[in-house]
Amino acid sequence: MIELVEIQTKHRETLAKLLNDESMSRWLLTVPYPYGLQDADSFISVCTEGKDSTDNRRYAIEADGEHVGGIGIHRREQHSGEVGYWVGKQYSNKGIATAALKQILDIGFGEMGLIRIYAITFAGNDASERVLVKCGFEYEGLMRKARVKDGVPVDCKIFAVVK
Ligand SMILES: CC(C)(COP(=O)(O)OP(=O)(O)OC[C@H]1O[C@@H](n2cnc3c(N)ncnc32)[C@H](O)[C@@H]1OP(=O)(O)O)[C@@H](O)C(=O)NCCC(=O)NCCS
(Lines give C-alpha, C1' and ligand atoms only; values in the text may rest on other atoms or scores of the structure.)
Protein backbone atom coordinates (compact mmCIF):
# COMPACT_ATOMS: atom_id res chain seq x y z
CA MET A 1 0.00 0.00 0.00
CA ILE A 2 1.36 3.42 -0.98
CA GLU A 3 0.72 6.16 1.58
CA LEU A 4 1.63 9.84 1.85
CA VAL A 5 2.62 10.52 5.44
CA GLU A 6 3.74 13.58 7.35
CA ILE A 7 7.52 14.00 7.31
CA GLN A 8 8.95 13.31 10.75
CA THR A 9 12.31 12.91 12.45
CA LYS A 10 12.02 9.15 11.96
CA HIS A 11 12.58 9.75 8.24
CA ARG A 12 15.99 11.42 8.63
CA GLU A 13 18.18 8.38 8.09
CA THR A 14 16.26 7.04 5.15
CA LEU A 15 16.13 10.52 3.61
CA ALA A 16 19.91 10.76 3.86
CA LYS A 17 20.39 7.24 2.54
CA LEU A 18 17.98 7.41 -0.39
CA LEU A 19 18.80 10.93 -1.56
CA ASN A 20 22.57 10.57 -1.39
CA ASP A 21 22.57 9.36 -4.98
CA GLU A 22 23.77 11.61 -7.75
CA SER A 23 21.81 9.73 -10.42
CA MET A 24 18.68 10.82 -8.53
CA SER A 25 19.57 14.31 -7.28
CA ARG A 26 20.71 15.40 -10.75
CA TRP A 27 17.01 15.60 -11.65
CA LEU A 28 15.97 17.49 -8.52
CA LEU A 29 16.34 21.28 -8.36
CA THR A 30 16.82 21.70 -4.63
CA VAL A 31 18.47 18.45 -3.59
CA PRO A 32 22.27 18.75 -3.24
CA TYR A 33 24.85 16.02 -3.74
CA PRO A 34 26.26 14.69 -1.54
CA TYR A 35 23.19 14.62 0.72
CA GLY A 36 23.73 13.88 4.39
CA LEU A 37 21.98 13.83 7.73
CA GLN A 38 22.37 17.61 8.13
CA ASP A 39 20.53 18.13 4.84
CA ALA A 40 17.82 15.76 6.02
CA ASP A 41 17.54 17.61 9.34
CA SER A 42 17.22 21.00 7.61
CA PHE A 43 14.53 19.64 5.35
CA ILE A 44 12.63 18.07 8.24
CA SER A 45 12.81 21.38 10.13
CA VAL A 46 11.23 23.21 7.22
CA CYS A 47 8.45 20.63 7.14
CA THR A 48 7.83 20.49 10.88
CA GLU A 49 8.48 24.01 12.18
CA GLY A 50 5.45 25.64 10.69
CA LYS A 51 6.94 26.51 7.32
CA ASP A 52 4.84 23.78 5.79
CA SER A 53 1.35 25.17 5.47
CA THR A 54 -1.85 24.58 3.67
CA ASP A 55 -0.11 26.00 0.60
CA ASN A 56 3.05 23.90 0.90
CA ARG A 57 2.53 20.24 1.55
CA ARG A 58 5.38 17.80 1.63
CA TYR A 59 5.04 14.12 2.40
CA ALA A 60 7.15 11.04 2.79
CA ILE A 61 6.05 8.24 0.51
CA GLU A 62 5.76 4.96 2.38
CA ALA A 63 5.23 1.59 0.72
CA ASP A 64 3.79 -0.92 3.20
CA GLY A 65 5.17 1.26 5.99
CA GLU A 66 8.66 1.59 4.51
CA HIS A 67 9.97 5.03 3.60
CA VAL A 68 10.73 4.94 -0.13
CA GLY A 69 10.45 8.51 -1.42
CA GLY A 70 9.02 11.99 -1.18
CA ILE A 71 6.43 14.17 -2.84
CA GLY A 72 5.23 17.73 -2.46
CA ILE A 73 2.73 20.18 -3.83
CA HIS A 74 3.12 23.96 -3.62
CA ARG A 75 0.52 26.58 -4.40
CA ARG A 76 2.09 29.01 -6.87
CA GLU A 77 -1.01 31.08 -7.61
CA GLN A 78 -4.46 30.99 -6.08
CA HIS A 79 -5.62 28.46 -8.65
CA SER A 80 -2.44 26.60 -9.57
CA GLY A 81 0.17 24.45 -7.92
CA GLU A 82 3.43 22.70 -8.73
CA VAL A 83 4.34 19.14 -7.83
CA GLY A 84 7.70 17.49 -7.28
CA TYR A 85 8.56 13.93 -6.29
CA TRP A 86 11.25 11.28 -6.05
CA VAL A 87 11.46 7.57 -5.32
CA GLY A 88 14.62 5.79 -4.13
CA LYS A 89 16.44 3.99 -6.89
CA GLN A 90 16.04 0.50 -5.45
CA TYR A 91 12.25 0.98 -5.46
CA SER A 92 11.94 2.29 -9.02
CA ASN A 93 9.62 0.99 -11.73
CA LYS A 94 7.12 -0.49 -9.29
CA GLY A 95 4.48 2.17 -9.89
CA ILE A 96 5.23 3.98 -6.63
CA ALA A 97 5.64 7.51 -8.03
CA THR A 98 2.54 7.07 -10.16
CA ALA A 99 0.46 5.99 -7.16
CA ALA A 100 1.81 8.82 -4.99
CA LEU A 101 1.24 11.45 -7.67
CA LYS A 102 -2.37 10.32 -8.11
CA GLN A 103 -2.89 10.81 -4.38
CA ILE A 104 -1.39 14.27 -4.39
CA LEU A 105 -3.55 15.26 -7.34
CA ASP A 106 -6.56 14.37 -5.21
CA ILE A 107 -5.25 16.64 -2.45
CA GLY A 108 -4.48 19.49 -4.87
CA PHE A 109 -7.78 19.38 -6.70
CA GLY A 110 -9.67 18.52 -3.52
CA GLU A 111 -8.65 20.19 -0.24
CA MET A 112 -6.44 22.82 -1.88
CA GLY A 113 -9.07 23.80 -4.45
CA LEU A 114 -6.62 24.03 -7.35
CA ILE A 115 -7.75 23.88 -10.95
CA ARG A 116 -4.31 23.53 -12.53
CA ILE A 117 -1.40 21.37 -11.34
CA TYR A 118 1.90 21.38 -13.18
CA ALA A 119 5.33 19.80 -13.04
CA ILE A 120 8.58 21.08 -14.47
CA THR A 121 11.07 18.38 -15.43
CA PHE A 122 14.63 18.77 -16.60
CA ALA A 123 14.76 17.82 -20.29
CA GLY A 124 15.82 14.19 -20.62
CA ASN A 125 14.04 12.92 -17.52
CA ASP A 126 12.13 10.28 -19.44
CA ALA A 127 11.01 8.27 -16.41
CA SER A 128 9.44 11.34 -14.82
CA GLU A 129 7.71 12.28 -18.05
CA ARG A 130 6.26 8.79 -18.19
CA VAL A 131 4.92 9.12 -14.63
CA LEU A 132 3.28 12.44 -15.49
CA VAL A 133 1.63 11.11 -18.63
CA LYS A 134 0.36 8.06 -16.73
CA CYS A 135 -1.30 10.48 -14.30
CA GLY A 136 -3.04 12.49 -17.02
CA PHE A 137 -0.59 15.38 -17.39
CA GLU A 138 -0.14 16.84 -20.85
CA TYR A 139 3.06 18.25 -22.28
CA GLU A 140 2.82 22.03 -22.69
CA GLY A 141 6.25 22.93 -23.94
CA LEU A 142 9.98 23.33 -23.69
CA MET A 143 11.31 26.05 -21.39
CA ARG A 144 14.85 26.80 -22.49
CA LYS A 145 17.38 27.33 -19.69
CA ALA A 146 14.47 27.81 -17.32
CA ARG A 147 16.16 26.59 -14.16
CA VAL A 148 19.68 26.56 -12.81
CA LYS A 149 21.01 23.34 -11.29
CA ASP A 150 24.39 23.53 -9.57
CA GLY A 151 25.12 26.78 -11.36
CA VAL A 152 24.25 25.40 -14.80
CA PRO A 153 21.15 26.57 -16.70
CA VAL A 154 19.08 23.60 -17.84
CA ASP A 155 16.32 23.21 -20.39
CA CYS A 156 13.04 22.16 -18.79
CA LYS A 157 9.71 20.78 -19.90
CA ILE A 158 6.37 21.74 -18.44
CA PHE A 159 3.51 19.27 -18.04
CA ALA A 160 0.12 20.11 -16.58
CA VAL A 161 -3.25 18.67 -15.74
CA VAL A 162 -6.34 20.83 -15.34
CA LYS A 163 -9.62 20.15 -13.66
C1 LIG B 1 11.08 9.63 -11.87
C2 LIG B 1 10.81 8.76 -10.66
C3 LIG B 1 10.07 9.58 -9.61
C4 LIG B 1 9.95 7.57 -11.08
O5 LIG B 1 9.56 6.84 -9.93
P6 LIG B 1 8.97 5.36 -10.05
O7 LIG B 1 8.36 4.98 -8.77
O8 LIG B 1 10.04 4.47 -10.61
O9 LIG B 1 7.86 5.58 -11.18
P10 LIG B 1 6.74 4.54 -11.69
O11 LIG B 1 7.22 3.14 -11.38
O12 LIG B 1 5.43 4.97 -11.17
O13 LIG B 1 6.77 4.79 -13.26
C14 LIG B 1 7.99 4.83 -13.96
C15 LIG B 1 7.68 4.72 -15.45
O16 LIG B 1 8.82 5.24 -16.17
C17 LIG B 1 9.28 4.24 -17.05
N18 LIG B 1 10.70 4.45 -17.20
C19 LIG B 1 11.67 4.19 -16.31
N20 LIG B 1 12.87 4.55 -16.82
C21 LIG B 1 12.61 5.07 -18.03
C22 LIG B 1 13.42 5.62 -19.05
N23 LIG B 1 14.75 5.71 -18.90
N24 LIG B 1 12.83 6.04 -20.19
C25 LIG B 1 11.48 5.96 -20.34
N26 LIG B 1 10.65 5.45 -19.41
C27 LIG B 1 11.23 5.01 -18.28
C28 LIG B 1 8.90 2.94 -16.40
O29 LIG B 1 8.89 1.89 -17.33
C30 LIG B 1 7.50 3.29 -15.90
O31 LIG B 1 6.55 3.34 -16.93
P32 LIG B 1 5.55 2.09 -17.22
O33 LIG B 1 4.71 1.92 -15.99
O34 LIG B 1 4.78 2.54 -18.41
O35 LIG B 1 6.42 0.91 -17.47
C36 LIG B 1 12.14 8.22 -10.05
O37 LIG B 1 12.86 7.55 -11.05
C38 LIG B 1 12.99 9.30 -9.45
O39 LIG B 1 12.86 9.62 -8.28
N40 LIG B 1 13.89 9.90 -10.26
C41 LIG B 1 14.78 10.95 -9.76
C42 LIG B 1 14.02 12.17 -9.27
C43 LIG B 1 13.09 12.73 -10.31
O44 LIG B 1 13.34 12.67 -11.49
N45 LIG B 1 11.97 13.30 -9.84
C46 LIG B 1 11.03 13.97 -10.72
C47 LIG B 1 11.47 15.37 -10.98
S48 LIG B 1 10.40 16.19 -12.14
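In the predicted model, an oxygen atom of the ligand lies 2.5 Å from an N or O atom in the side chain of Thr98. On its own the ligand has 960 Å² of accessible area, of which the protein covers 73%.

The shell around the ligand contains 22 residues, and those that come nearest are Tyr85, Thr98, Asn125, Arg130 and Lys134. By residue class, the shell divides into eleven nonpolar, seven polar and four charged residues. Helix H5 provides the largest share, with six residues.

Helix H5 also contains Ser128. With a relative accessible area of 10%, Ser128 falls under the 20% limit and is therefore buried. The side chain of Ser128 forms a polar contact of 2.7 Å with the side chain of Tyr85; Tyr85 is also one of the residues that come nearest to the ligand. Apart from neighbours within four places in sequence, Ser128 is in contact with Tyr85 and Thr121.

When neighbours within four places in sequence are set aside, Ile107 is in contact with Leu4, Arg57, Tyr59 and Met112. Ile107 and Ile7 are 100 residues apart along the chain, and 16 Å separates their C-alpha atoms.

Ser25 is located in helix H2, which spans residues 22-25. At 3% relative accessibility, Ser25 is classed as buried. Its contacts, leaving aside neighbours within four places in sequence, are with Leu19, Val31, Pro32, Tyr33 and Lys149. Ser25 and Ile104 are separated by 79 residues in sequence and by 21 Å in space, C-alpha to C-alpha.

Most peptide bonds are trans. Pro34 is situated in the loop between H2 and H3. Helix H3 covers residues 37-48 and includes Leu37. Leu37 has a relative accessibility of 36% and so counts as partly exposed, a class that lies between the 20% and 50% limits. Not counting residues up to four places away in sequence, Leu37 touches Arg12, Glu13 and Ala16. The C-alpha atoms of Leu37 and Ile71, which are 34 residues apart along the chain, are separated by 19 Å.

Most residues other than glycine have a negative phi. Lys145, which is not a glycine, has a positive phi of about 50 degrees. Lys145 is placed in strand S6, residues 138-149, and at 61% relative accessibility counts as exposed. Asp150, also a residue other than glycine, has a positive phi near 50 degrees. The position of Asp150 is in the loop between S6 and strand S7 (152-162). Asp150 has a relative accessibility of 68% and is classed as exposed.

The cysteines were examined for covalent pairing. A disulfide is a covalent bond between the sulfur atoms of two cysteines. The structure holds zero disulfides. For Cys156, the closest cysteine sulfur is that of Cys135, and the distance of 20 Å is too far for a bond, because a disulfide requires the sulfur atoms to lie within 2.5 Å. Cys156 is buried, at 0% relative accessibility. Cys47 likewise counts as buried, with a relative accessibility of 12%.

Conventions. Residues numbered from 1 in each chain as written. Predicted model: local features only at pLDDT ≥ 70, side-chain atom pairs only at ≥ 80, totals over all residues. Heavy atoms only, no water. Near = heavy atom within 4 Å. Polar contact = N/O pair within 3.5 Å; in protein donor to acceptor, adjacent residues only side chain to side chain. Areas by Shrake-Rupley, 256 points an atom, 1.4 Å probe, with all protein chains shown as cover. Helix = DSSP H or I, 4+ residues; strand = E, 2+ residues; numbered from the N terminus. Nonpolar A, V, L, I, M, F, W, Y, C, P; charged D, E, K, R; others polar. Buried < 20%, exposed > 50% of the residue type's maximum accessible area, 1.4 Å probe, protein only. Contact = heavy atoms within 4.5 Å.
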